[in-house]
Amino acid sequence: MKQRILVAVVGIPALLAVLCIAPAWATALLLAALTVIAAHELLAAVCGPDKARRWTVLPALCGVLLLARAVWPGCAALEGLLLAAALTLPLSGVLTYGKPHALTFTDVCAMAAAGFAIPWAFSGLYGLRTLDNGYLLVLTPLVAAFCSDSLALFTGMACGKHKLAPLVSPHKTVEGALGGLAGGMAGMAVFCAVFRAMTHTALSYSLCIALGLLGAVLGELGDLSFSAVKRQYGIKDYGRLLPGHGGVLDRFDSVLFAAPVLDEAALMVYFSVVYILWGVTYTMMDIPYWSMIPAVTRTPKDRENLSM
């Protein structure tokens, strides 16, 4: 427990400095580094340490290119490089077939998960960072997931009696899981208060609490999912990078499930507000509604109205 607290005391301010204070490109670099480490951890768990040392470079390259694609969307060169890197994964299985250290179908699938699913999930954090007030919004998956993890741990230790999934994670309890849901909602309520104070934006408490519940549920699902992989391959932790916590996948397993969904939820809310404001503005200015319709989606009737 002392190691967990010490790592948190040192790691949380450093993480906040990169995500909230440094420019957005620093967030992208951090996520790329986490992606490379996570790829090695997953391959070491599923494929074994020897194959991980030999083949981590391929999913790591795919992951970095996928994150770069999020930073520079629409770049044709990146699209081509990412496609070429993706094709190397099944090709590596074909070329090594029948050899002493051949890659199995499971190995190739693990490489695909490490090279695409994990970086795609991490890219949700970068998407949040690039929104208006993104230096705060990027924290929403972390707040929901980490507050859920913390309160679930202490609630389970204090009053946990009924096992949640004993074959997957023997120490997790139903009471701890419920405490985790409360922790996610409470954490996001506090986040909402801080956000409103710092940005003078009337962010809805009910919306934040709902997102906290969603993030906590997804976080617990992510925790159990990665725990199932550990149980299947007989390992306790994915790595030893963070003493008391394990590796990157041990610490960010819940964030990986929460980040992309909360990113999409934030985008939906943002564009809903934008369209509502547009509608109110156009109504007050007595401008026909069809002039708001993008040109590519206008029907012949809309174009006829615009020509009048």
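**Charged and aromatic pairs**

Author: In this predicted model, the side chains of aspartate 50 and arginine 53 meet in a salt bridge, with 2.4 Å from N to O. Aspartate 50 and arginine 53 are three residues apart in helix H3 (residues 49–55), so about one helical turn separates them. Aspartate 50 has a relative accessibility of 45% and therefore counts as partly exposed, while arginine 53, with a relative accessible area of 59%, is exposed.

A second salt bridge joins aspartate 149 to arginine 251, and here the closest N and O atoms are 2.9 Å apart. This pair links distant parts of the chain, since aspartate 149 belongs to helix H8 (residues 140–159) and arginine 251 to helix H11, 102 residues apart. Aspartate 149 and arginine 251 are both buried.

Aspartate 223 and lysine 172 form another salt bridge, for which the closest N and O atoms are 3.3 Å apart. Because aspartate 223 lies in helix H10 and lysine 172 in strand E2 (residues 169–173), the pair ties together parts that are 51 residues apart in sequence. Aspartate 223 is buried, with a relative accessible area of 15%, whereas lysine 172, at 25% relative accessibility, counts as partly exposed.

Turning to the rings, a pair of aromatic rings is described by the distance of the centres and the angle of the planes. With ring centres required to lie within 6.5 Å, the count comes to five aromatic pairs. One of them is formed by phenylalanine 122 and phenylalanine 252, whose ring centres are 6.1 Å apart and whose planes stand at 70 degrees, so the pair is edge-to-face. Phenylalanine 122 lies in helix H6 (residues 105–129) and phenylalanine 252 in helix H11 (residues 248–284), so this pair ties together parts that are 130 residues apart in sequence. Phenylalanine 122 counts as buried at 1% relative accessibility, and phenylalanine 252 counts as buried at 10%.

Phenylalanine 226 and phenylalanine 257 also form an edge-to-face aromatic pair, with 6.3 Å from centre to centre and 75 degrees between the planes. Here too distant parts of the chain are linked, with phenylalanine 226 in helix H10 (residues 205–233) and phenylalanine 257 in helix H11, 31 residues apart. Phenylalanine 226 is buried, its relative accessible area being 11%, whereas phenylalanine 257 counts as partly exposed at 28% relative accessibility. Ring pairs also join Phe122, Phe146 and Phe252 into a cluster.

Helix H6, which carries phenylalanine 122, packs with helix H4 (residues 57–71) at an angle of about 30 degrees, the two axes being 8 Å apart. Angles under 35 degrees count as roughly parallel, so H4 is roughly parallel to H6. The crossing of H4 and H6 is right-handed. The residues of H4 that meet H6 include Leu58, Pro59, Cys62 and Leu66, and among those that H6 brings to the contact are Met111, Phe116, Trp120 and Tyr126.

Conventions
Residues are numbered from 1 along each chain as its sequence is written. This is a predicted model: local features need pLDDT of at least 70, side-chain atom pairs count only at pLDDT 80 or more; totals for chains, interfaces and linings use all residues. Side-chain values use heavy atoms; hydrogens and water are left out. Rings of Phe, Tyr and Trp (its six-membered ring) pair if their centres lie within 6.5 Å; planes under 30 degrees apart count as stacked, over 60 as edge-to-face and the rest as tilted. Helices (H or I, at least four residues) and strands (E, at least two) are DSSP runs, numbered from the N terminus. Buried means under 20% relative accessible area, exposed over 50%, partly exposed in between (1.4 Å probe, protein chains only). A salt bridge is a side-chain nitrogen of Lys or Arg within 4 Å of a carboxyl oxygen of Asp or Glu. Axes are lines fitted to C-alpha atoms, for helices over the stretch in contact, and angles run from 0 to 180 degrees between N-to-C directions. Angles under 35 degrees count as roughly parallel, over 145 as roughly antiparallel, 65 to 115 as roughly perpendicular and the rest as oblique. A crossing is left-handed if the near helix is turned anticlockwise from the far one by less than a right angle, and right-handed if clockwise. Contact means heavy atoms within 4.5 Å.
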